[in-house]
Amino acid sequence: MAIHTARDGVGAMHMKSRKVCIYWKQGRCNRNPCRFVHGDLATADLRASYVYRAPQTQSQALPGGLRRKTLSPPEEDRAVKRSKSTQVTSAAVSQKSRNNCQKIESAQKPEASLLVTTTTVERSEDKACCQEWMSGSCGRGDSCQFLHSWSRGDGFSLLARLEGHVGKPVSGIGLPSGSDKLYTASSDGKVCAWDCHSGLISGAVNVSDQIGCLISDEEWVFVGFPNGVKAWNFKSEVYYDLTGSSGQVNALEVGLDALYAGDEDGGISVWKGFTDHQIANRFQYATPLRGHASAVTCLRASINGELRRLYSGSKDGTIKEWDLNTGECIQTLKAHDDDVTSVICWDQYLVSCSLDKKVKFWGRIEGDSSEIILLYTHEEGHAALTLGGVNDSDGKPILFCSWSDNSVGLYELPSLKERGRIYAEKEVRAIRAGQGGLFFTGDASGVVSVWKLAEKLCS
């Protein structure tokens, strides 16, 4: 079964829950019990609504191949430290602020606060991977106290290590539809095309600039570099050099009929019309989206019926929600205390991670559909770098998260139970899902690793 990315179709975020008591919010409810939700019951009410649903069709798949299932909180009986945050920060949205994104700021709203669970997982029991073995110089064999393997855990295995970007970080991995090629890019300025059958490089292009990111959508491959984007159509063999960005492009996304690029100056460049075969200029530069105070690091589109959104993360620690129909900023989340490094959509939820060592799950509450709130925070003591995911054979989503200790954790959703861990010589900055249980990781040493879920687990 094909693994879908955010550009293949995603779901809007919404939740079903009981209504919050308006009299309690005003501080004058004297009913006990009250049939409406008070703040101290809100968390329990949300958790009660987190149940599994049957998998949806492929057309409703979410970024990274995560199917439409509803979030459930992590298991209560896991041996972890737990703490509770006191308030949820959310965006105060008004008609006036919608017309000026820079005026939208998150504000604490004590009268509508929720208790948010934070789980800190200690991984001191992990057996570290042998650094000498990674470099091929460990002579201790079975007597070595460290792990001699690129992974631990059952249900997945390493198929190949592709070494086409020697010593330079892999910045993107793409799998165009209908192609038998895997495309990878690195900060060495080179794009490699790998033959999926032989595992050998079938072609390479040197763009002579540092590549910040690479994505694929249908028959297109897009590459971000300083002050612009390069676009290749492998079917028609046409090439476009897109200008208009300011500084290094570190994030790319496709939403509706537009290409979005996250710029170093905090703006988001927009090119429209690239899917229209009837027009001569298929990439028309449009009005950029502005509002971030620092570089845009990640982008994710979410399209479900009339609800069409773009989410952008930045080095300023915020996540902004944009209306793809109008280009307006809907709200700004003060999401993290450091750079936001990745955002993905899972079912009606938004998942983000950051250098502040946190992975956060966000959602909405019925009755206040404009407001995104924080639901859950997961920590492991290391900076979180990038997110991805696949589905197992039962349709259960598996979340990938790479950490600054050169590992990638595989977690079952919604429980966040760890299924296994992948190790690399250096930090993994690129993760991409493929078909038939395949997935790919690219690390800062320039190696692209090809992995496969076991047949009983892959989708």
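**Pocket, ion pairs and backbone of the predicted model**

The lining of the largest pocket comprises 23 nonpolar, 14 polar and eight charged residues (Ala, Val, Leu, Ile, Met, Phe, Trp, Tyr, Cys and Pro are taken as nonpolar, Asp, Glu, Lys and Arg as charged, and the others, Gly among them, as polar). The model is predicted, with local features requiring pLDDT of at least 70 and side-chain atom pairs counted only at pLDDT 80 or more, while totals for chains, interfaces and linings use all residues. Residues are numbered from 1 along each chain as its sequence is written, and side-chain values rest on heavy atoms, with hydrogens and water left out.

The space in this largest pocket amounts to about 1,000 Å³. Closest to its centre, among the 45 residues of the lining, are Ser171, Asn250, Thr297, Thr386 and Arg429. Two or more lining residues come from each of strands E7 (170–174), E11 (213–217), E15 (251–255), E19 (296–304), E23 (340–346), E27 (384–391) and E31 (428–433). Grid points are joined across faces, edges and corners, and a volume is the space filled by probe spheres set on the points.

Turning to the protein as a whole, four helices and 33 strands are found (DSSP runs numbered from the N terminus, helices being H or I of at least four residues and strands E of at least two). Of the 459 residues, 55% are buried (under 20% relative accessible area, with exposed meaning over 50% and partly exposed in between, for a 1.4 Å probe and protein chains only). Among contacts with a separation of 6 or more, 50% link residues 24 or more positions apart (a contact being heavy atoms within 4.5 Å). The protein exposes about 19,400 Å², of which carbon and sulfur atoms supply 47% (areas by the Shrake-Rupley method with a 1.4 Å probe, where for residues only the protein chains shown count as cover).

Six cavities of 30 Å³ or more are present. The second largest cavity holds about 60 Å³, and among its 13 lining residues Tyr423, Ala424, Thr441, Ser449 and Trp451 lie nearest its centre. At least two residues each come from strand E6 (156–162), E30, strand E32 (438–443) and strand E33 (448–453), with E32 giving the most, three residues. By class, this lining has eight nonpolar, three polar and two charged residues.

Next come the ion pairs. Side chains of opposite charge can pair when their charged atoms come close. The count here is 16 salt bridges (a side-chain nitrogen of Lys or Arg within 4 Å of a carboxyl oxygen of Asp or Glu). One of them joins Asp392 and Arg419 at 3.4 Å, N to O. Asp392 sits in the loop between E27 and strand E28 (397–403) and Arg419 in strand E30 (residues 417–423), so this pair ties together parts that are 27 residues apart in sequence. Both Asp392 and Arg419 are buried. Arg419 also forms a salt bridge with Glu412, their closest N and O atoms being 2.8 Å apart. Glu412 is buried at 15% relative accessibility, and the value for Arg419 is 16%. Salt bridges with shared partners also join Arg152, Glu380, Glu418 and Arg421 into one network. Arg161 and Glu163 form another salt bridge, with closest N and O atoms 4.0 Å apart; here Arg161 is partly exposed at 24% and Glu163 is exposed at 55%.

The backbone has some details worth a look too. Most residues other than glycine have a negative phi, and most peptide bonds are trans. The bond from Leu413 to Pro414, however, is cis, with omega near 10°; Pro414 is placed in the loop between strand E29 (407–412) and E30. Glu218, though not a glycine, has a positive phi of about 55°. This residue lies in the loop between E11 and strand E12 (220–225) and is partly exposed at 41% relative accessibility. Leu256 likewise has a positive phi, near 55°, and is found in the loop between E15 and strand E16 (258–262); Leu256 is partly exposed, at 37%. Finally, Trp322 in strand E21 (residues 318–323) is buried, with a relative accessible area of 2%. The C-alpha atoms of Trp322 and Leu289 are 8.5 Å apart, and 33 residues separate the two along the chain.

Note on methods:
1 Å grid on protein atoms, 1.4 Å probe; cavity = no way out; pocket = protein on both sides within 12 Å on 5 of 7 lines; lining within 4 Å.
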